[in-house]
Amino acid sequence: MKAEHEAAGRPEPCVVGVDFGTLSGRAVVVRVRDGAELGAAEHAYSHAVLDRALPDGTVLPPDWALQVPSDYVDVLRLAVPEALARAGVRPEQVIGIGTDFTACTVLPVLADGTPLCELPEFVGRPHAYIKLWRHHAAQDQADRINALAAERGEPWLARYGGKISSEWEFAKALQVLEEDPEVYRRTERWVEAADWIVWQLCGAYVRNACTAGYKGQYQDGVYPSPGHLAALHPDFAGFVADKLDQPIGELGAPAGLLTAEAAAWTGLPEGITVCVGNVDAHVTAPAAAAVEPGQMVAIMGTSTCHVMSSDQQAVVPGMCGVVDGGILPGLWGYEAGQSGVGDIFGWFIRTGFPASYAEEAAALGRDPHEHLTALAAGQKVGEHGLIALDWHSGNRSVLVDHDLSGVLVGLTLSTRPEDVYRALLEATAFGTRTIIDAFETAGVPVRELIIAGGLTKNALLMQIYADVTGRPLGVIGSTQGPALGAAMHAAVAAGAYADIRAAAQAMGKSQRGVYQPDPERAAAYERLYAEYRLLHDHFGRGANDVMHRLRRLRAEVSA
């Protein structure tokens, strides 16, 4: 490809990938020939996450997490042109743009795509805003959906391991209907942010197959039936037909062409290919060149999403879904996850990092995470005498219960911040081990574990994961895995590659076996993991319902 372009005197074609995360959006300019990342830029959302109040001061209840749609457009306006400038790439070299998003992040809009929160009459109405993936206030609705589906024997329920999540489309929509019927009535489209941003780029609303399958219970060409929805609430019967259903776009397919308005925002040429939307975790698998059955990719950031393709279909308890072709064509795509990982570490830094430690870290030129990691790295396995449950943001897999909460056992007056920090690192590794065990017990082998995301820079954390899982860890060869994956899908949509496997072979990158399990530490972690599973089942499977009781008490007091 390069020789052809050089011979013709033309610069090499490039694509742009834009990754919309929890707190910021990142744009990367990628060379089509080999996946080289030529330039990147990041823009932090000015409103971040609304979990206490709306911009006008309206107070939010517990467990809410909202966002403002204009923050996403700002990423297109600011990060994309900056990435292009840093890459030294001329706009006419860019042949396509692809995007990925957190999920399920969903918003109510009018038929033309206008978000309801941008209408003057709804500025102070929480349900008119984007519900971020970690909005967990729809647990009651999810519980009722699950109970009714089990009672009716709905066939789709098994595809989600027996439970759907409060994070997903139907639970969040039902919450809107029950708590603000006026907002629900004005909602003409209930749209994944992954599709809304593509709509802004190309002027066409195309529902992507990934979120439809994993977050919208779209299986074998159908959604949950009107009868099922009517049994939940009479006014919910028409939800699919009236607000959700839309033509499905396959992953890596073109959604449309870049509009003049979006071209002005981004500095890209009008008329280039805009790829169908996708989910941040799922686009990362091909970016890590993980295109074979049994290669699990864990995308570790504020949360962790585990994705894997397999040639075997099975019911894995507590998974976030299995979708035919959900990640790669011709294979069953599995998703599982942990609702809090980096968020938990960040919470501890905010609440448990003393001033004396901050002074010491500053003197050594370390940030707080680096300082606690360095202190924790000197410990032997089990030396701190602690065990934690990583449920500070609920449990996504395998319990699918966002009313669960964190636990720390073993505290004494001698416990130090680095002890707790290491116990939290280990707890997230135990959570991933629990997910892997669930897959293998169900007969879906996990043959390889590859890590992507911002947490790969913490070598201690990576080594703990290798020791706890007893597996070699590969690491993606990119610091911007989702954006790279989005760019690769854009290359496919623009016709540069026949399919995403071909793009992965040329553009994907990872290093295999970077971290090897240490037999002695792995054996020591088996003892701690056994204790973790005892706590996991005691608090998570009904033996002690104290977490739910405390949650109800908090809600009563807050009300």
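The largest cavity in this predicted model is lined by Gly-337, Gln-338, Ser-339, Asp-390, Trp-391, Gly-394, Asn-395, Arg-396 and Ser-397. A cavity here is a set of points, on a 1 Å grid over the protein atoms alone, where a 1.4 Å probe fits but cannot get out, and lining residues have an atom within 4 Å of a point. The space inside the largest cavity is about 30 Å³, the volume being that filled by probe spheres set on grid points joined across faces, edges and corners. The count is one cavity of 30 Å³ or more. By class, the lining holds one nonpolar, six polar and two charged residues; Ala, Val, Leu, Ile, Met, Phe, Trp, Tyr, Cys and Pro count as nonpolar, Asp, Glu, Lys and Arg as charged, and the others, Gly among them, as polar.

Residues are numbered from 1 along each chain as its sequence is written. Because the model is predicted, local features need pLDDT of at least 70 and side-chain atom pairs count only at pLDDT 80 or more, while totals for chains, interfaces and linings use all residues; side-chain values use heavy atoms, with hydrogens and water left out.

| Residue | Relative accessible area | State |
|---|---|---|
| Arg-551 | 16% | buried |
| His-282 | 2% | buried |
| Cys-104 | 0% | buried |
| Cys-117 | 7% | buried |

His-282 belongs to helix α11, residues 280-287; helices (H or I, at least four residues) are DSSP runs numbered from the N terminus. The side chain of His-282 makes a polar contact of 3.2 Å with that of Glu-335, a polar contact being a pair of N or O atoms within 3.5 Å; within protein, one must be able to donate a hydrogen and the other to accept it, and residues adjacent in sequence count only if both atoms are side-chain atoms. Apart from neighbours within four places in sequence, His-282 has contacts (heavy atoms within 4.5 Å) with Cys-210, Tyr-214, Val-307, Gly-326, Ile-327 and Glu-335.

Arg-551 lies in helix α20, residues 546-558. With neighbours within four places in sequence again set aside, Arg-551 is in contact with Asp-63, His-402, Asp-403, Leu-404 and Ser-405. Leu-404 is 147 residues from Arg-551 along the chain, yet their C-alpha atoms are 8.3 Å apart.

The whole structure contains zero disulfides, defined as pairs of cysteine sulfur atoms within 2.5 Å. For Cys-104, the nearest cysteine sulfur is that of Cys-210, 11 Å away. For Cys-117, the nearest is that of Cys-104, at 16 Å.

Notes: Helices (H or I, at least four residues) and strands (E, at least two) are DSSP runs, numbered from the N terminus. Buried means under 20% relative accessible area, exposed over 50%, partly exposed in between (1.4 Å probe, protein chains only). On a 1 Å grid over the protein atoms alone, a cavity is a set of points where a 1.4 Å probe fits but cannot get out, and a pocket is an open set with protein on both sides within 12 Å along at least five of seven lines; lining residues have an atom within 4 Å of a point.
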